[in-house]
Amino acid sequence: MGAKAIQMQDVTIKYEDKTVLENLSLEIAGGTSCSIIGPSGCGKTTLLNTLAAFIKPTCGTVFYDGLPLVRYPEDTAIIFQDYSLFPWKTVYENVALGLKMKKYPPKEQHDKTLHILERLKIRDIQNRYPHQISGGQKQRAAIGRSLALEPSVLLLDEVTAALDAMTKESLQDTLAEIAASREHTMIQVTHSIEEAILLGQKIVIMQTGRIATEIENPLFGQENLRTSPAFYEMCVRVRQLLEEGQPQ
Ligand SMILES: Nc1ncnc2c1ncn2[C@@H]1O[C@H](COP(=O)(O)OP(=O)(O)OP(=O)(O)O)[C@@H](O)[C@H]1O
Ligand SMILES: [Mg+2]
């Protein structure tokens, strides 16, 4: 299963008579990564829920690899801020769960699970339960659980928002590695300008119900980005674009 291209074409979402997304169009090439940033309430979570077919457009269409999306796509993983782990299962069992449900042979289940635990840097805590690990580790386990199924599309809604600064940076670095692998089409919603730049090949700036600006990010995938002057300049640029979109 290759990473799928995503297209939103003139998508409008209404909750009763309130328009939350209006005529929104967006294209994300397969295997690329897109950051979505914008003020609270502008419709970011709604956009992700639409891409997962949890919400049906009032008008317009979402396409995966050119095919209209009609129901929740099985090869899409959506991860929220609140970890969503099963408290009665260990980290290992949480990560292995999907593979078990899909009835992978036991050896393959085990190998894949170990690979993911390594990749997310949580192999040393694999036998602990969610209440015995930190917020950052919980989020890594939740992401690991989704990645185990090799989703072609990965939707992340503010997954680092609840973490302290250092934990956040370390998880961002892991997510940047995942984005650079091009194994998934990745779309992440964030309130952090730095995170948008670290993770997104494309950065989409939203304001109430629409896309204000879309920019390509030439810094995506560069090493030691955080400490480079170009990163700082890009942060200033994105901040200005965000402010331009705000009502005075
Ligand atoms: N189920 C719902 N019914 C009615 N209105 C809703 C519903 N869900 C969200 N909204 C409204 O739609 C708008 C967009 O909400 P959404 O959650 O997509 O914003 P957001 O950009 O993700 O905000 P935040 O950054 O705070 O998470 C808000 O005005 C919100 O109040
Ligand atoms: Mg939201």
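Reader: What makes the 47 residues a nonpolar core, and which have the most contacts inside it?

Author: A nonpolar core is a set of buried Ala, Val, Leu, Ile, Met, Phe, Trp, Tyr and Cys residues joined through side-chain atoms within 4.5 Å. In this predicted model, where local features need pLDDT of at least 70, side-chain atom pairs count only at pLDDT 80 or more, and totals for chains, interfaces and linings use all residues, the largest such core has 47 residues. Those with the most contacts inside it are Ile143, Leu154, Leu175, Ile197, Ile203 and Val238. Helix H7 (residues 229–244) gives the most to this core, namely six residues. Side-chain values use heavy atoms, with hydrogens and water left out, and residues are numbered from 1 along each chain as its sequence is written.

Reader: How do you know that this core lies between domain 1 and domain 2?

Author: Both domain 1 (1–75 + 153–160 + 171–248) and domain 2 (82–150) give residues to it, so the core lies between them. The domain bounds come from an automatic or database domain assignment.

Reader: Why is Ile197 called buried?

Author: Buried means under 20% relative accessible area, exposed over 50%, and partly exposed in between (1.4 Å probe, protein chains only). Ile197 has 0% relative accessibility, so this residue counts as buried. Its place is in helix H6 (residues 193–199). Leaving aside neighbours within four places in sequence, Ile197 is in contact (heavy atoms within 4.5 Å) with residues including Ile203, Leu225, Phe231 and Val238.

Reader: Why is the pair of Phe54 and Tyr72 called stacked?

Author: Rings of Phe, Tyr and Trp (its six-membered ring) pair if their centres lie within 6.5 Å; planes under 30 degrees apart count as stacked, over 60 as edge-to-face and the rest as tilted. The centres of Phe54 and Tyr72 are 5.2 Å apart and the planes are at 5°, so this pair is stacked.

Reader: What makes this pair a tie between parts that are 18 residues apart in sequence?

Author: Phe54 lies in the loop between helix H1 (44–51) and strand S4 (59–64), and Tyr72 in the loop between strand S5 (67–68) and strand S6 (76–79), so the pair ties those parts together. Phe54, at 46% relative accessible area, is partly exposed, and so is Tyr72 at 34%.

Reader: What about Phe86 and Trp88: what kind of aromatic pair do they form?

Author: Their rings are 5.1 Å centre to centre with 45° between the planes, and the pair is tilted. Phe86 is partly exposed at 31%, whereas Trp88 counts as exposed at 58%.

Notes
Chains lettered and ligands numbered in written order. Helix = DSSP H or I, 4+ residues; strand = E, 2+ residues; numbered from the N terminus.
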